[in-house]
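Work through the exercises below with the sequence and the coordinates open beside you.

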Amino acid sequence: MIGPEQGATLPGMTVVCGDSHTSTHGAFGCLAFGIGTSEVEHVLATQCLMMKKTKTMKVEVEGALGLGVTAKDIILAIIGKIGTAGGTGYSIEFAGSAIRALSMEGRMTVCNMSIEAGARAGMVAVDDTTIEYVKGRPMAPAGAMWDKALAYWRTLVSDPDATFDKVVTLDAAQIQPQVSWGTSPQMVTTVDGKVPDPAQEKDPVQREWMERALKYMDLKPNTPITQIKPDKIFIGACTNSRIEDLRAAAQVVKDKRVASNIKLAIVVPGSGLVKQQAEQEGLDKIFTAAGFEWRQPGCSMCLGMNDDQLSPGERCASTSNRNFEGRQGAGGRTHLVSPAMAAAAAVAGHFVDVRTMK
Amino acid sequence: MEKFVRREGLVAPMDRANVDTDAIIPKQYLKSIKRTGYGPNLFDEWRYLDHGEPGMDHSKRPLNKDFVLNQPRYQGATVLLARENFGCGSSREHAPWALLQYGFQAVIAPSFADIFYNNSLKNGLLLIRLDAKIVDRLLREAQATPGYRVAIDLEQQAVSTPGGESFRFEIDPFNKHCLLNGLDEIGLTLGHADKIRAFEAAHRERQPWLFS
């Protein structure tokens with residue numbers, strides 16, 4: 001959150017940190033990836049890491065997204081398509097007109113979940129959107145230095161005839177709002193879809209995995225996604241807690257109330273600056289008027305390291321990035337969605353296509 | 001990391017197979033991310049009669065007199081002798097840290113768990129694989145002979161006993177090179193310090209905005 005906000009993250013940098021979601025910074029044309037404790041020590045001591053060159057993958061998302069379909073839906077759809085091991089051993093470049101059309105916030109959301117697609121790093125080429133975002137940030141260069149930097153940053157694009165080890169293509173117009181139903185980010189479907197039936201799965205290993213996931217999630221095959229009722233709503237995490245995310249969610253809940261079956265709905269801004277800006281725009285008022293709690297910035301219910309947890313059996317519509325067993329608290333059941341979809345579920349009391357909300 | 005070329009030391013015979021990483025260092029001591037201070041908690045559950053927790057004064061805890069490392073004759077041992085599959089269990093690096101911080105410099109056994117093996121060599125603890133029959137004999141000799149010491153020559157890849165016998169062991173050439181020269185991974189990287197400095201100077205030149 002703060003690296004990009006402060007202009008500490010600049011195009012072309014190599015960024016490492018002891019957190020797998022470091023890939024977020026790839027949105028700036030950075031090579032950014034998470035590392036382990038021993039590697040952190042190695043970096044601090046030497047400014048280097050010993051690494052094997054990764055393979056390259058281009059994920060092209062072409063066309064225009066439908067109204068109410070967001071960056072989160074793009075990345076969930078990509079993971080649904082290639083699987084959580086699809087990107088293992090690769091660095092991904094997210095490209096295509098739909099990615100180009102995303103704001104920096106949206107690109108960060110996409111790159112954030114590169115790791116859930118199996119890739120340690122994911123990136124987006126530098127363009128005007130990148131430059132505009134970086135310009136004027138506290139730690140960004142200025143004056144003559146800015147011009148010099150700019151000349152270099154403009155080169156941070158793949159050659160038109162570049163070849164990749166693997167190319168995956170998605171049609172943006174076909175992407176619908178996504179809701180995960182299982183215990184892996186690849187267990188995801190569209191909001192108008194149904195919980196899949198393991199009996200239809202031919203591969204016995206996959207089938208058993210699905211059965212186990214459905215048991216954990218307490219879901220029956222063929223249940224329409226819109227019949228699933230969350231107990232808690234979490235809007236936050238490094239995936240979706242930037243100002244654009246909060247605006248999208250606020251737009252949905254404005255002048256509405258959180259449904260009575262929702263025990264807790266919280267909004268956790270990603271940083272102090274996001275919180276401040278949201279308050280200046282009055283978003284906090286919109287959320288609290290609707291029955292959301294407006295919280296201090298932090299990781300909160302994304303990983304249940306503090307008191308913000310699901311109790312056993314509780315179901316959550318969450319804008320975070322992982323739906324593993326117990327991730328949000330022992331026995332907790334996570335459904336990954338976009339901020340707008342989480343907000344819509346809060347108001348309706350069940351998952352609902354945000355595009356049909358009045 | 002210290003160089004490991006030739007060492008010679010007192011042997012402590014631990015007549016057990018499948019010594020796991022939980023036994024080497026129990027989980028309550030993993031909360032700390034410091035890499036020091038694990039020595040007193042090596043084999044904590046076997047070594048003390050009470051239940052240990054971090055923050056206790058371990059020098060005041062009641063000792064299990066029957067445990068091998070508590071016997072007077074093995075005080076100051078630097079070579080641990082054990083049976084098959086030593087170090088099985090978790091990937092915790094705390095296990096080799098605890099062994100090293102207690103004072104062990106080498107462990108001899110017929111086999112070691114994979115992750116533990118790599119973790120140990122990375123931290124400068126030499127693990128020596130010898131045939132099970134030889135280990136069995138060494139265990140009996142060490143138990144029967146007070147002050148039983150062995151000499152380890154990494155260059156020659158050999159362990160010599162007081163009886164004048166010498167046993168050859170195998171080790172990967174890269175691991176051997178790192179141990180002989182005291183190169184941990186950071187040490188290896190720093191072996192390229194001139195190249196790193198040259199890169200950094202050029203990097204500064206090319207992208208001065210990152211440093212202003």
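A residue is called buried when its relative accessible area is under 20%, exposed when that area is over 50%, and partly exposed in between, with a 1.4 Å probe and protein chains only. The model is predicted, and local features need pLDDT of at least 70, side-chain atom pairs count only at pLDDT 80 or more, while totals for chains, interfaces and linings use all residues. Residues are numbered from 1 along each chain as its sequence is written, chains are lettered from A and ligands numbered from 1 in the order in which they are written, and side-chain values use heavy atoms, with hydrogens and water left out.

**Exercise 1. Describe the interface of chain A and chain B by its residues, its area and its polar pairs.**

Step 1. Taking contact to mean heavy atoms within 4.5 Å, one finds 16 residues from chain A and 15 residues from chain B.

Step 2. The size of an interface is often given as the accessible area lost when the parts come together. With buried area defined as the accessible area (1.4 Å probe) that two parts lose on being put together, summed over both, the two chains bury about 1,300 Å², and carbon and sulfur atoms carry 68% of it. On the chain A side, A:H42, A:T46 and A:M145 contribute 29% of the area which that chain buries against chain B, more than any other three residues.

Step 3. Two residue pairs across the interface are in polar contact, both at pLDDT 80 or more.

**Exercise 2. Determine where A:H42 lies and which residues of chain B it contacts.**

Step 1. A:H42 belongs to helix 2 of chain A, where helices (H or I, at least four residues) and strands (E, at least two) are DSSP runs numbered from the N terminus.

Step 2. A:H42 counts as buried because its relative accessibility is 4%.

Step 3. Once neighbours within four places in sequence are set aside, the contacts of A:H42 include B:E185, B:I186 and B:T189. With B:T189 there is a polar contact between the two side chains, at 2.5 Å.

**Exercise 3. Locate the salt bridge of B:E185 and B:K122 in chain B, and classify both residues by accessibility.**

Step 1. The side chains of B:E185 and B:K122 meet at 3.9 Å, N to O. This pair joins distant parts of the chain, since B:E185 sits in helix 7 (residues 185–190) and B:K122 in helix 4 (residues 114–122), 63 residues apart.

Step 2. B:E185 is partly exposed at 37% relative accessibility, and B:K122 is partly exposed at 42%.

**Exercise 4. Which accessibility classes do A:K263 and A:E314 fall into?**

Step 1. The side chains of A:K263 and A:E314 form a salt bridge of 2.9 Å, N to O, and the two residues, each in a loop of chain A, are 51 residues apart.

Step 2. A:K263 counts as exposed because its relative accessibility is 54%, whereas A:E314, with a relative accessible area of 8%, is buried.

How values were computed
A polar contact is a pair of N or O atoms within 3.5 Å; within protein, one must be able to donate a hydrogen and the other to accept it, and residues adjacent in sequence count only if both atoms are side-chain atoms. A salt bridge is a side-chain nitrogen of Lys or Arg within 4 Å of a carboxyl oxygen of Asp or Glu.
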